[in-house]
Amino acid sequence: MAAVFASCSAVLAQQAEKARPAAHPQQSGSQQGGSATAGVFAPVKDSEMRPITAGGFVKDGPVLFKDIAKEAGLTTWHHKMGTPEKKYILDATGSGVALIDYDNDGWLDIYMVNGSTYEALKAQADAPHAALFHNNHDGTFTDVAAIAGVTNGRWGFGVAVADYDNDGWPDLYVSNFGKNRLYHNNHDGTFTDVAEKAGVTLGNWSTGPTFGDYDGDGRLDLFVPGYVHFDLDHLPDSGSAAASSVYCQFRGAKIMCGPRGLTGEPDHLFHNNGDGTFTDVSEKAGVADKAAYYGFTASFVDINNDGKVDLVVTDDSSPNYLYINKGDGTFEDTSYYSGFALNQQGRDQAGMGLAVGDYLNNGMVDLYTGTFSDDYKPLFKNGGEQGFTEISPELGIAAPTYPFLTWATEFIDYDNDGWKDIFLVNGHVYPQVDDHDWGTSYAQRPLLFHNVKHGEKFELMPAVIGTGLAAVIPGRGAAFGDLFNDGKTDVVINSMDHVPSLMQDVSPDHHHWVGLKLIGGPKSPRDAVGATVYLSAGGQRQRADVLSGGSYESSNDQRPHFGIGDATSVDSVEVHWPSGLVEKLSLPGVDRFFLIEEGKGVSPYKLAESMPVEKARK
């Protein structure tokens with residue numbers, strides 16, 4: 001079996017390597033239109049002459065993920081955004097997913113953001129609605145969005161989960177084209193949109209938000225990236241005043257315009273005032289994006305291990321941002337000299353999604369971003385004071401990704417061996433690619449890189465026919481987490497104009513694991529967002545962070561997960577709380593979840609038994 005997927009990986013890498021020399025290397029942004037790429041490359045096809053993005057399947061190999069969305073009840077809902085031909089960029093970038101235990105029963109529920117249509121914006125048609133899928137604890141889900149009051153009804157893009165008012169119940173922030181929403185959890189299965197009162201509606205095009213306590217006052221603040229300033233009264237048609245025609249082509253074919261050539265939308269940082277309102281401090285804090293880059297996905301996380309959350313932002317077809325928290329309410333823009341703004345060739349890329357995780361188990365978080373097709377996806381290794389080094393080509397994981405257009409991405413330990421792997425969700429932005437012999441496709445299959453040599457090497461896992469890795473879908477946002485409380489990391493994918501996918505982790509490994517639910521004390525955010533956990537077991541020390549926002553415009557499971565391989569016990573757990581308190585604890589077992597409350601130690605993590613959705617809402 002190992003030989004099968006090793007062979008598949010080698011063939012794909014070989015094909016992609018042959019395609020790497022650019023026939024027409026990109027000299028400027030105008031060469032490739034509105035999106036940053038590395039140039040024009042020869043088609044990459046499988047043995048049946050299909051684009052590798054929609055082919056390259058094998059009959060036999062390890063079954064790692066299975067799409068169970070239909071059986072779980074998720075395919076009753078359908079994403080909708082703009083028009084099928086994707087005439088404008090507003091139609092094309094897709095929406096996110098959030099995993100949220102909204103009723104505090106110990107089981108993750110699923111929030112699916114939906115888009116909209118031009119007819120709905122004009123009140124000429126019903127608006128598509130978001131879904132809130134309640135976890136029925138039996139492998140199925142029920143959409144309760146209408147009852148919960150979270151259907152949105154606006155042109156939706158991103159979402160983040162956080163308990164912004166420290167009342168012990170998770171809330172939702174949904175970013176839109178148009179006004180954003182802040183759904184406050186009413187503790188009874190319903191939510192109330194308080195965005196107007198809170199002062200966080202904004203109003204043009206917002207993308208992937210993140211919550212974090214940047215000033216250490218124990219309250220979660222909110223950062224909202226802006227993408228393109230889109231004007232419905234001045235649509236960016238080729239040659240119009242709103243868009244230059246040079247940015248409306250891809251490989252010589254006419255496509256939608258942008259993002260290059262269009263006006264960028266600024267980013268916003270909102271300080272939590274503690275009274276249900278927020279104050280925009282973007283300019284004062286130094287994170288307003290005066291360069292007007294095209295922001296997509298953001299995460300607050302402690303990059304330099306000084307106990308303060310920093311801010312990472314991926315930007316489409318423009319340099320990425322890395323802001324280091326100075327501890328005085330402001331940030332230092334270290335994007336360029338940290339090594340994160342550009343790839344190792346000194347090029348900006350089309351940064352879509354963002355993975356944050358310690359793939360080397362050295363105590364420092366690394367970053368991985370999704371980018372456009374005709375380009376590779378960069379892995380930024382954290383070197384501490386030396387900054388980031390982008391090393392995808394050196395690890396052999398650059399070449400296979402060139403034909404793919406990657407949106408959501410995450411570090412996950414799918415086989416619980418104690419080493420983080422990389423999952424990529426893919427799908428092209430131009431439907432027109434299916435009309436050309438470019439070796440890529442509109443709908444694309446996911447990719448999974450297995451960490452096989454302690455971070456020194458990754459192996460591309462095969463797309464076995466009939467499994468989740470062979471699902472050809474127009475992927476966009478995705479959220480990663482343990483939906484069934486079985487110690488496996490599942491993936492919920494929100495695809496463009498499509499039904500969702502639920503990639504259940506069915507890896508046949510028998511490794512052990514531990515999951516943690518953290519509750520912050522009086523001086524920390526109640527949901528412990530911003531906490532860092534170090535767990536030692538089996539001779540290795542791993543790191544996990546409690547984050548809000550990431551992947552691609554999405555929000556993952558906030559319970560730190562650790563695969564511990566063959567170890568049957570945990571040596572120690574060290575929690576660095578946002579308050580500054582550091583606690584060293586022990587766990588009484590493995591293969592289960594534990595609750596850790598700041599200053600109060602470890603206790604069992606209680607799960608509600610299976611119950612009908614009507615009862616669960618009460």
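In this talk, a contact means heavy atoms within 4.5 Å. With that in place, I turn to the structure above, which is a predicted model: local features need pLDDT of at least 70, side-chain atom pairs count only at pLDDT 80 or more, and totals for chains, interfaces and linings use all residues. Residues are numbered from 1 along each chain as its sequence is written, and side-chain values use heavy atoms, with hydrogens and water left out.

I begin with N204. This residue lies in the loop between helix 5 (195-198) and strand 11 (210-212); helices (H or I, at least four residues) and strands (E, at least two) are DSSP runs, numbered from the N terminus. Is N204 buried or exposed? N204 is buried, because its relative accessible area is 12%, and buried means under 20%, exposed over 50%, and partly exposed in between, with a 1.4 Å probe and protein chains only. Setting aside residues up to four places away in sequence, N204 touches N176, F177, G178, V228, H229, F230 and E265. For F230 there is a further detail: the side chain of N204 reaches the backbone nitrogen of F230 at 2.9 Å. By contrast, 45 Å separates the C-alpha atoms of N204 and K453, which are 249 residues apart along the chain.

Next, a sheet. Strands of a sheet pair through backbone hydrogen bonds, either parallel or antiparallel. Here four strands form an open sheet in the order 3-4-5-6, with antiparallel pairing; two strands pair if DSSP finds at least two bridges between them. Strand 3 (97-100) and strand 6 (141-143) are the edge strands, each pairing on one side only. On average, neighbouring strands of this sheet are turned by 20° against each other, direction ignored; the axes are lines fitted to C-alpha atoms, for helices over the stretch in contact, and angles run from 0 to 180 degrees between N-to-C directions. Strand 3 pairs with strand 4 (residues 109-112) over four bridges, and the bridge partner of I100 in strand 4 is D109.

Most residues other than glycine have a negative phi, and most peptide bonds are trans. Phi of N104, however, is positive, near 55°, and this residue is partly exposed, at 38% relative accessible area. D591, in the loop between strand 38 (582-585) and strand 39 (592-597), has a positive phi near 60° and is partly exposed at 34%.

Finally, which peptide bond is cis? The bond from G258 to P259 is cis, with omega near 5°. P259 sits in the loop between strand 14 (253-254) and strand 15 (268-272).

Terms used:
A polar contact is a pair of N or O atoms within 3.5 Å; within protein, one must be able to donate a hydrogen and the other to accept it, and residues adjacent in sequence count only if both atoms are side-chain atoms.
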